[in-house]
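The structure comes before my entries.

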Amino acid sequence: MKRALYTIMIGCCMASSLSSQNLDDVVRFNKRELTGTSRSLAMANAFGALGGDLSSLSINPAGIAVYRSSEFAFTPSISLNQSKATYNNFVSKDDKYSFPFNQAGGVTTNRPLREKDKGLISTHFGFTYNRTADFNENTSMLIGRGVTDGDYNIDGQISDARTLLSVIRNEAHGYYDNNGNFIPINATPENLRGRARWAYDTYMLDPLFEDGTHYFSQYEDVIDYDDGTSTVYNRNVNGIDQYNIIERDGYSGEYGFTFGANISHVLLLGTSVNIQSFRYEQTESFREVNVNSFDPSGPKDMDYFDAYNKLNQKGLGINAKFGMILNLHPIRLGASFHTPTFMEVDEEYYSGIDSYLVDFKNYNSSSNVSEFTYSYRTPYRAQGSAAIVLGKFALLSFDYEMKDHTSSKFTSKDGYATLFNQINEDINNQMKITHDFKAGIEIRPVPYFALRAGAAYFDSPIKDEFVDLELTKWMGTTGIGIRSKNFFFDVAYAYKFNEDNYYLNTSEGAMLEGLSFNEPIALEYRNHQASFTFGWKF
C-alpha cells in the first residue's frame, strides 16, 4: 500500500487513546477467506448454487434445502503461513504454523410422512460454525546490517543518528526548534517520558551522573577524569543489526442458525441469522541486535532490545443472510444477499521496550494500556452462482460476489466524531466495490470416490490510485473425497499467494520517529492449508 494508508492513524491525534482505526483495520474486519468443509474448500467454496454441504449454508442459506437427510461433520486443519521480506537487497524469511478448526455443525431434515413431488417437500434447520479468516502469521524484515551512527555535534547530540537507541538518547536531552536552535529539556530520570523513560527503565539509557539530565546509551561509553568531568564516546564501531518484526494471531468465525425449505424440488429457499466473533492480536517490534560486540564490551551489555507496539482487538457482531436456488436440472442457479455485520469492538493498545542483556537478564517498561470500544459496520454482500450437475458423475460450479467496501463505517458512543468522520471519509474515497470470482469442479470416476479442484480470485478493496502494488489475491485448491452410505471423509489442500509493500511508520509521535528509510519493504506471502472433514449422514 502507499504510505497514506499506513499513516491515517487516529492514535496520533488522541495520544494513543485510539491507536489504529485506519484502512488496515477495514481490510481486516472485512476479510473473508476460503474455508469450511474440505469438499467446499477443494472446490474454492464455489457452492452458491450447489448446496448440500455444511459450508454452503454460510454462502447461500438456500443450500440447506438440498439435503435429503440429516448430517453432522467437523473439519480440523493445519495451516502454514510463509513470509519473505526484501529491503535494500536484504532478504529475510519467516513462517508460522497454526491449527485452526475450519468448521463444525449439523443439519436436520424434516419430511412429511407421505412423500410428494409438489408443494412443500421438506424443511430444514442447521447450526454451523465456519472460520471465516485466519490472521496467524509472522513477518521478519531485516532492514540493516552493521548500522553505526554519525559524529557528535557542538550540542553533544549525535548529528546523524541511524539507530533507534541513539535517536532516543538524543530525545532524552532535548530538541531543535524551527530555527535550528537546540532546546534542552533538562529531564531527570523520573521526569523522562515515553520511549526515553522506557529505555531508562530497561537499562538501555543511563544518566551521566546520578539524578543528572545528561545521558549515555548502551552504544556509548564514558571516560571519567580526575577533575570530575566526563567524556562520552561511541563504542558501537562494529555496528548493530536492525529488524522489524510483526507477529499476528487471531481469527474471525461465524455461528449460523439456518432455516430452509424445498418447494417442489425446484425452488429452494433459505435464511440465516449469524453471530460473528473476531479476535486479533498484533505485536510489531523494531529490534536492534548487538551481533558484532561493542568496543569495549562489558558484562552488562545489551544483547538486543525490542521497541514494540501491541494491539488487541475483540469483536462480536450479527448479520442475516437470504438466499434461493432454482433447480432447473441439470442447471442450478443461485442468488443470495448478506446484510452488513454490525459489530462491537473492544480494543487495547500499548507500547514499550523489552531489553535483553548478555548476562541473560530481561527488563520491560511500557505505557499504560489504552482501552476503547467502538462500533463497526462491514459491507453488504450480494452473490450470484451457477452450476451444472451431470448426474452422479460430475459437477461444475461458478460463484460471483460483490462487496461494497465504501459502505463500511466506524461509529462510537464515546464521541470522537471528528476523528471517525475522517476515517469514514477515507473509506468512502479510497475503497471501492470489489468483484470476486470462484470456480470448482468435482469428478466421480466411481460412486464412492471424488476428485476435486478449484480456483479463486479476490479483488483489491483499495482503489488503484491509492496503492503502489495491486492487492489482489489468487488461490488454487484441490482435494479428494471418500463416501459410503453413512460416512464420508474429505481432504483438501489450498494455496494462496499475495504481495504487499510495507512502509515503516516514522511520522511524528510514532515509535520510529527520527529514523528514515528510503523505500518500502517488499513482502511476499504464501499460505498452505490442508483440511480434513469427518462426516456422518443419518
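My entries on aromatic pairs, charges over rings and a pocket follow.

I worked from a predicted model, in which local features need pLDDT of at least 70, side-chain atom pairs count only at pLDDT 80 or more, and totals for chains, interfaces and linings use all residues. Residues are numbered from 1 along each chain as its sequence is written, and side-chain values use heavy atoms, with hydrogens and water left out.

Aromatic pairs. I found 33 aromatic pairs in the structure, a pair being Phe, Tyr or Trp rings (for Trp, the six-membered ring) with centres within 6.5 Å. Phe 410 belongs to strand S21 (residues 409-411) and Phe 420 to helix H8 (residues 417-430), so the pair ties together parts 10 residues apart in sequence. Helices (H or I, at least four residues) and strands (E, at least two) are DSSP runs, numbered from the N terminus. I noted both Phe 410 and Phe 420 as buried (under 20% relative accessible area, 1.4 Å probe, protein chains only). Ring pairs link these two into a cluster whose members include Phe 29, Phe 135 and Tyr 280.

Charges over rings. I saw Arg 28 over the face of Tyr 280, 3.8 Å from the ring centre. The charged end of Lys 310 sits over the ring of Tyr 308, 5.3 Å from its centre. The criterion is NZ of Lys or CZ of Arg within 6 Å of the ring centre and within 35 degrees of the ring normal.

I recorded a volume of about 1,200 Å³ for the second largest pocket. A pocket is an open set of points on a 1 Å grid over the protein atoms alone, where a 1.4 Å probe fits, with protein on both sides within 12 Å along at least five of seven lines; its volume is the space filled by probe spheres set on the points, which are joined across faces, edges and corners.

Conventions
1 Å grid on protein atoms, 1.4 Å probe; cavity = no way out; pocket = protein on both sides within 12 Å on 5 of 7 lines; lining within 4 Å. Phe/Tyr/Trp six-rings, centres within 6.5 Å; stacked < 30°, edge-to-face > 60°. Buried < 20%, exposed > 50% of the residue type's maximum accessible area, 1.4 Å probe, protein only.
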